[in-house]
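Reader: I'd like to learn how to read pockets, charged pairs and surface patches in a protein model. Could you walk me through one?

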Amino acid sequence: MINCISPTSDPRPDRGWGIVVLGSVVLGAVLASVLLFPDGVTVSMDPGYRPMPVLVLLVPAMLCIAAALLLPSGQGSSAVLVTQPGRVRAQTAGLLALAVGFSLLVPVLPLPEDYVLLKALMFIVVPCVWLWFSARRHGAGVEIHRPSVHPAVVVLPALLLGVLSTVGPFSSGSPTVWPPLATLVVGATATAITAGLGEELLFRRFLQTRLEALCGRWTGILLASLLFGLMHLFSHGVGPLGESAVRVIAMQGTTGIALGVLWSRWRRLWVCVLAHMLLNGLGVVLHLLGQLA
């Protein structure tokens, strides 16, 4: 792991080599995906999605990142300060264990439904209960500063990411076959809770926050996003393991960077959750509206 621990409570500056190494991994995965999948990739195994060039599918995430960095940051700081270095190190190690452990357990789950249950347990229940008790007994360990900014400013990048990934020229379409209504609603609700909320809690609110505090802003964003991408290895990967790893780092990892920039820029978790839910659920909403029309 990157040596990024310091006993100071001041915002931790990034180490240049850390950004270079992590950024090279993501950029290398994107370039490798372009070469490995010249006919494009699909965002889902469901029938109806058409292959799209990798660089085209990444446009919404890049627009989200650009908008977040160019829009006003608001008044005040978005820094994360370490108040208890030892406790933050222990919390970070535990959160890393949850993120990696989930990925390792997915291939051995006996039933597809267990994926949702395991994610709810490891991404929401365990970290929330653990960090709540830790904060009650010993203090939070980190101090999060939130700038004052108008909600319209922070919503725009989230809409760019969620909407453009679902409809328009940067989308790979929608399913041609939908499950029964009850199954669709239950599945979409479970996904909204475990992915839209759970993944943002673990990877952005809990893990990235502490990685930023210990390693620096961009190092924290990149490292959390790399782990976020690899978390999708067995659910979104196709083909040999190496090719699957390259693909999820390029696709889901880049999406993680966009979501990470949203969190680091403004510290509004609801914006990250909104963007993530739009990514996963806007197509379902549009389908249901079409059924009602």
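Author: Happy to! Keep in mind that this is a predicted model. Let's begin with a pocket: helix H1 (16-36), helix H3 (59-70), helix H8 (217-231) and helix H10 (241-266) each supply at least two residues to the lining of the second largest pocket.

Reader: How is such a space found, and which helix gives the most to the lining of the second largest pocket?

Author: The general idea is that rolling a probe the size of a water molecule over the atoms shows where empty space is left. Here, the second largest pocket holds about 280 Å³ of space. H1 gives the most to its lining, with four residues.

Reader: Which residues lie nearest the centre of the second largest pocket, and how do the lining residues divide into nonpolar, polar and charged?

Author: Val26, Met62, Ile65, Thr254 and Ile257 lie nearest the centre, out of 13 lining residues. The lining divides into eleven nonpolar residues, two polar ones and no charged ones.

Reader: On to charges, then. How many salt bridges does the count come to?

Author: Side chains of opposite charge can pair when their charged atoms come close. In this model the count comes to four salt bridges. In one of them, the side chains of Glu199 and Lys119 meet at 2.6 Å, N to O. Glu199 lies in helix H7 (residues 181-215) and Lys119 in helix H5, so this pair ties together parts that are 80 residues apart in sequence. Glu199 and Lys119 are both buried.

Reader: Where do Arg204 and Glu200 lie?

Author: Both sit in helix H7, four residues apart, about one turn of the helix.

Reader: Last stop, the surface. Which residues form a nonpolar patch there?

Author: Leu121, Val125, Val126, Val129, Trp130, Trp132 and Phe133 do, with about 620 Å² of accessible area together. Take Trp132 as an example: it belongs to helix H5 (residues 113-138) and is partly exposed, with a relative accessible area of 47%.

Definitions and conventions
Residues are numbered from 1 along each chain as its sequence is written. This is a predicted model: local features need pLDDT of at least 70, side-chain atom pairs count only at pLDDT 80 or more; totals for chains, interfaces and linings use all residues. Side-chain values use heavy atoms; hydrogens and water are left out. Patches are made of residues with over 30% relative accessible area and no salt bridge: like charges are joined within 9 Å, nonpolar side chains (Val, Leu, Ile, Met, Phe, Trp, Tyr) within 5 Å. Accessible areas come from the Shrake-Rupley method with a 1.4 Å probe; for residues, only the protein chains shown count as cover. Buried means under 20% relative accessible area, exposed over 50%, partly exposed in between (1.4 Å probe, protein chains only). On a 1 Å grid over the protein atoms alone, a cavity is a set of points where a 1.4 Å probe fits but cannot get out, and a pocket is an open set with protein on both sides within 12 Å along at least five of seven lines; lining residues have an atom within 4 Å of a point. Grid points are joined across faces, edges and corners, and a volume is the space filled by probe spheres set on the points. Ala, Val, Leu, Ile, Met, Phe, Trp, Tyr, Cys and Pro count as nonpolar, Asp, Glu, Lys and Arg as charged, and the others, Gly among them, as polar.
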